[in-house]
Amino acid sequence: MPVQDKTRRLSSQLISQDITSLHGLQTISTYNTTRADASVENLQQAYQTMLAQQQAETEKLTLYRAAADGARLAEWEFHNAVLAMKEVIRGQYGSDSDQAQAVGFKKKSERKRPNRKKSVAIAS
């Protein structure tokens, strides 16, 4: 039997087939085994554990998504507040002030003027 890679998730189709097999086993009244891992009790316990863990995963995933949405909205609120503050700084102190430079703007007087490109005649 090949080594199982337990780091990847099983497909939902495979899980569904396994559940169908378990339900089918419950119709066999004469099933008896000496393998502890294949006993009806162990199968029922593994199934219940799987259901509980899937439910816990779904609950935590829902909480994670809600927390991520909250963080995203808070980031946008902060960003918009900073933009409003920058507008106020520029309006109050001007775009060439030290205060504008302190909040991340470049002073208007320190901007480089665009250079005209001279057209070069191509001699052939």
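The model is predicted: local features need pLDDT of at least 70, side-chain atom pairs count only at pLDDT 80 or more, and totals for chains, interfaces and linings use all residues. Residues are numbered from 1 along each chain as its sequence is written, and side-chain values use heavy atoms, with hydrogens and water left out.

**Confidence**

- The protein has an average pLDDT of 91, where pLDDT is the predictor's confidence in each residue, from 0 to 100.
- A score of at least 70 is reached by 97% of the residues.
- Helix α2 has the highest confidence, at 96.
- Helix α3 (residues 98-102) has the lowest, at a mean of 91.
- Helices here are DSSP runs (H or I, at least four residues), numbered from the N terminus.

**Largest pocket**

- The volume of the largest pocket is about 460 Å³.
- A pocket is an open set of points on a 1 Å grid over the protein atoms alone, where a 1.4 Å probe fits, with protein on both sides within 12 Å along at least five of seven lines.
- Its volume is the space filled by probe spheres set on the points, with grid points joined across faces, edges and corners.
- The lining of the largest pocket holds 13 residues; a lining residue has an atom within 4 Å of a point.
- Nearest the centre of the largest pocket lie Asp 18, Leu 43, Ala 46, Tyr 47 and Met 50.
- By class, the lining of the largest pocket has 10 nonpolar, 1 polar and 2 charged residues.
- Nonpolar covers Ala, Val, Leu, Ile, Met, Phe, Trp, Tyr, Cys and Pro; charged covers Asp, Glu, Lys and Arg; the others, Gly among them, are polar.

**Second largest pocket**

- The second largest pocket has a volume of about 400 Å³.
- Its lining includes Gln 4, Asp 5, Arg 8, Ile 15, Met 50 and Gln 54.
- Both α1 and α2 give two or more residues to the lining of the second largest pocket.
- Here the largest share, 3 residues, comes from α2.
- The lining of the second largest pocket divides into 3 nonpolar, 4 polar and 4 charged residues.

**Rings and charges**

- Phe 105 has the charged end of Arg 90 over its ring, 4.0 Å from the centre.
- Lys 86 also lies over the face of Phe 105, at 5.6 Å from the ring centre.
- A charge sits over a ring if NZ of Lys or CZ of Arg is within 6 Å of the ring centre and within 35 degrees of the ring normal.
- The count of aromatic pairs is 0; rings of Phe, Tyr and Trp (its six-membered ring) pair if their centres lie within 6.5 Å.

- Asp 69 lies in helix α2 and counts as partly exposed because its relative accessibility is 38%.
- Buried means under 20% relative accessible area, exposed over 50%, and partly exposed in between (1.4 Å probe, protein chains only).
- From Asp 69 to Gln 92 the C-alpha distance is 35 Å, across 23 residues in sequence.
- Arg 72 is also in helix α2, and it is partly exposed at 41% relative accessibility.
- Arg 72 and Arg 116 are 44 residues apart along the chain, and their C-alpha atoms are separated by 44 Å.
- Arg 113 is in the segment after α3 and counts as exposed, at 72% relative accessibility.
- Arg 113 and Ala 68 are 44 Å apart, C-alpha to C-alpha, and 45 residues apart in sequence.

Notes. Rings of Phe, Tyr and Trp (its six-membered ring) pair if their centres lie within 6.5 Å; planes under 30 degrees apart count as stacked, over 60 as edge-to-face and the rest as tilted.
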